[in-house]
Amino acid sequence: MSWLDNIMRPKIRGLGSREAPDNLWVKCDSCGQMIFHRELEANHKVCNHCGHHLRISANERLTFLFDDGEFTVIEQPETVTDPLKFRDRKRYSDRLKEAQSKTGTGKSDAIIVAHGKIGGLPAVIAVFDFKFMGGSMGIAVGEAFVSAARLATLQEAPLIAIPASGGARMQEGILSLMQMPRTVIAVEEVKEAGLPVIVLLTDPTTGGVSASFAMLGDIAIAEPGAVIGFAGKRVIEDTIRENLPEGFQSAEYLLEHGMVDMVVPRGELRDTIARLIRHLIRPKATAEVVALPRTREALPDASSAAPADG
Amino acid sequence: MLRMPTFLDFEKPIAELEGKIEELRHLSDGGGLNISEEVTRMQEKVERMLRTTYSKLSPWQKVLVARHPDRPHALDYIEALFDDFIHLSGDRNYGEDDAIVGGLARYRGASVVVIGTEKGHDTESRLKHNFGMARPEGYRKAQRLMRLAERFGLPIVTLVDTSGAYPGKGAEERGQAEAIARSIEVCLDVRVPTVAVVIGEGGSGGAMALAATNTVLMLEHAVYSVISPEGCASILWRTSDEAETAADALKLTAQNLEELGVIDSIVPEPLGGAHRNRDEIFEALDNALDPALQELVGLDGGVLRAKRREKFLEMGKKGLS
């Protein structure tokens with residue numbers, strides 16, 4: 001064995017590094033085919049062999065959706081970090097730092113809020129970053145989501161919410177659960193301002209994220225193949241002691257069961273969202289007449305005196 | 001109905017002592033011996049032991065107490081605290097889910113809508129109520145009842161006791177996530193006073209669906225958490241054996257949650273937990289529920305909704321000290 005290793009290894013290594021460095025070819029995690037990186041980029045990170053939608057970062061998502069890939073990221077409100085001083089096999093505070101250096105997003109958490117134009121109309125996008133601790137939703141994410149809703153209301157723009165999340169951030173305990181009602185309130189504020197909430201469900205959208213704002217959009221779009229559901233597949237299989245059908249909790253499965261409006265391939269998302277916004281955004285003149293009192297109601301200081309309107 | 005009491009592992013010394021007291025009583029019945037002094041002494045010891053054990057329950061022990069099979073469940077509280085309960089069924093869409101019970105009732109003379117997750121107390125009723133794990137129909141029924149309450153200006157009381165929403169194939173197909181999300185939305189939206197009481201286990205989204213209320217009360221030894229300690233342990237520690245450690249880390253006790261501002265007040269339980277003295281816990285909750293409702297009744301519907309929103313938006317601004 002050892003003589004073979006010694007002789008063969010340098011040769012194979014040399015061959016590999018010359019012809020196929022990791023970053024030029026990407027293996028599709030669905031069909032296993034190798035895809036040339038330029039082709040993958042041009043195809044919005046969709047496999048050109050099987051149509052599988054690879055997971056993409058929050059930043060890539062924003063670039064794909066906003067006109068000309070132009071947008072402004074808004075600074076996120078500061079929140080308390082590690083409120084429970086949580087520690088499992090690692091300290092939560094260390095996990096946070098690790099995630100921040102991994103995603104290279106500085107101090108931000110598993111969400112980015114940005115505004116720009118889609119189809120020439122202003123829009124606010126709140127997009128989750130799955131690479132940041134599985135896109136899990138804690139206080140920072142909830143707070144940023146609320147600020148996205150407020151920004152949409154102020155700009156009289158639609159809110160496009162794009163979850164990619166395993167669910168609640170366990171390390172923040174009950175406070176992560178409380179982000180469910182908090183994000184629901186955020187969505188309600190936008191709706192009350194007469195503005196559309198469009199949710200784009202991407203892979204994966206599960207747990208507490210699916211059971212809150214993600215299911216409350218005026219329009220629900222899902223990306224092909226995305227896993228969307230409340231309980232995890234393994235938990236269900238353990239509970240009911242039977243195997244689940246192929247494609248269970250996939251975007252297409254949800255469409256079939258009436259849970260989403262449409263399944264739209266990544267390349268057509270910008271156009272689809274633009275068309276939806278054009279239908280749903282009211283003409284400017286009307287918006288100005290009704291927007292003032294409602295905008296004030298949505299601000300935190302006036303909330304106790306909010307009128308009972310619908 | 002005679003039921004053998006269930007003892008938890010950490011209650012063993014107490015159980016043994018109580019067993020001895022029973023034995024002594026039997027002896028004295030037969031032999032005419034005067035051992036009342038001894039029995040009184042032993043009973044005092046039991047009380048002392050209960051006091052020390054229950055004054056410093058670990059989070060994991062609280063999980064066990066919260067799940068105690070003899071602990072009163074939603075229907076027990078409904079029967080004890082409310083009059084003229086009229087059970088209402090069905091979500092008008094698909095079916096009836098007995099994991100969530102609810103209807104019209106009278107509380108201290110005033111009509112209310114009461115909704116609760118019910119675990120059941122024996123094999124038959126546990127199966128009927130699906131161990132308190134609701135399906136979408138349960139949450140949709142809850143939404144319907146909350147809207148009914150709003151239409152007639154009735155306060156809403158919810159009793160939360162669930163390990164979580166049911167993880168099933170059909171439940172997913174019929175939109176478990178949407179049903180919970182919508183239930184939270186309706187809970188937050190209704191223009192009537194709302195009070196939730198976590199009476200046992202407050203399990204994740206399944207509990208949250210009924211607890212986005214103006215006021216949240218929690219029994220002293222109840223727990224309320226984003227995930228079960230077992231589930232958390234198997235994900236973060238990669239083994240469910242670490243459930244006890246996870247229970248510590250999750251900060252799921254009423255005492256922790258009060259400090260975090262997630263619940264408004266704690267309802268004291270009788271010595272040795274709610275399962276030891278039902279009448280006492282019924283009275284304690286009654287004494288807490290009335291002022292909680294009184295504080296809200298009479299407020300304008302819009303104000304109630306705005307206050308509720310404000311409360312949840314303010315949540316999570318501070319951590320544990």
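Predicted model: local features only at pLDDT ≥ 70, side-chain atom pairs only at ≥ 80, totals over all residues.
How much area is buried between domain 1 of chain B and domain 2 of chain B? The domain assignment of chain B places domain 1 at residues 9-56 and domain 2 at residues 63-320. Taken over C-alpha atoms, the centres of these two domains of chain B are separated by 36 Å. Domain 1 of chain B brings 8 residues to the contact, and domain 2 of chain B brings 9 residues.

The size of an interface is often given as the accessible area lost when the parts come together. For domain 1 and domain 2 of chain B, the buried area is about 680 Å², and carbon and sulfur atoms give 64% of that area. On the side of domain 1 of chain B, Phe10(B), Leu50(B) and Tyr54(B) supply 65% of the area buried against domain 2, more than any other three residues.

Attention may now turn to a helix of chain B. The buried residues are Pro59(B), Trp60(B), Gln61(B), Lys62(B), Val63(B), Val65(B) and Ala66(B). What do these buried residues of H3(B) pack against? Their partners in chain B include helix H2 (36-55) and strand S5 (194-203), as well as helix H10 (229-237) and helix H11 (243-250).

Two of these partners also pack against each other. The axes of H10(B) and H11(B) lie 8 Å apart, at an angle of about 100°. Because of this angle, H10(B) is roughly perpendicular to H11(B). From H10(B), the residues that take part include Pro229(B), Cys232(B) and Trp237(B), while those from H11(B) include Ala243(B), Thr245(B) and Leu250(B). The residues of this contact of H10(B) with H11(B) comprise 9 nonpolar, 1 polar and 1 charged.

Asp189(B) belongs to helix H8 of chain B, which covers residues 176-189. Is Asp189(B) buried or exposed? Its relative accessible area is 12%, and Asp189(B) is therefore buried, since the term applies to values under 20%. Apart from neighbours within four places in sequence, Asp189(B) is in contact with Arg147(B), Glu150(B), Arg305(B) and Arg308(B).

Chain A may be described as a whole. Its secondary structure comes to 12 helices and 11 strands, and buried residues make up 51% of its 310 residues. Among contacts in chain A between residues at least 6 apart in sequence, 66% join residues at least 24 apart.

Terms used:
Residues numbered from 1 in each chain as written. Chains lettered and ligands numbered in written order. Heavy atoms only, no water. Buried < 20%, exposed > 50% of the residue type's maximum accessible area, 1.4 Å probe, protein only. Helix = DSSP H or I, 4+ residues; strand = E, 2+ residues; numbered from the N terminus. Contact = heavy atoms within 4.5 Å. Axes fitted to C-alpha atoms, helices over the stretch in contact; angles between N-to-C directions. Parallel < 35°, antiparallel > 145°, perpendicular 65-115°, else oblique. Nonpolar A, V, L, I, M, F, W, Y, C, P; charged D, E, K, R; others polar. Domains from an automatic or database assignment. Buried area = accessible area lost by both parts, 1.4 Å probe.
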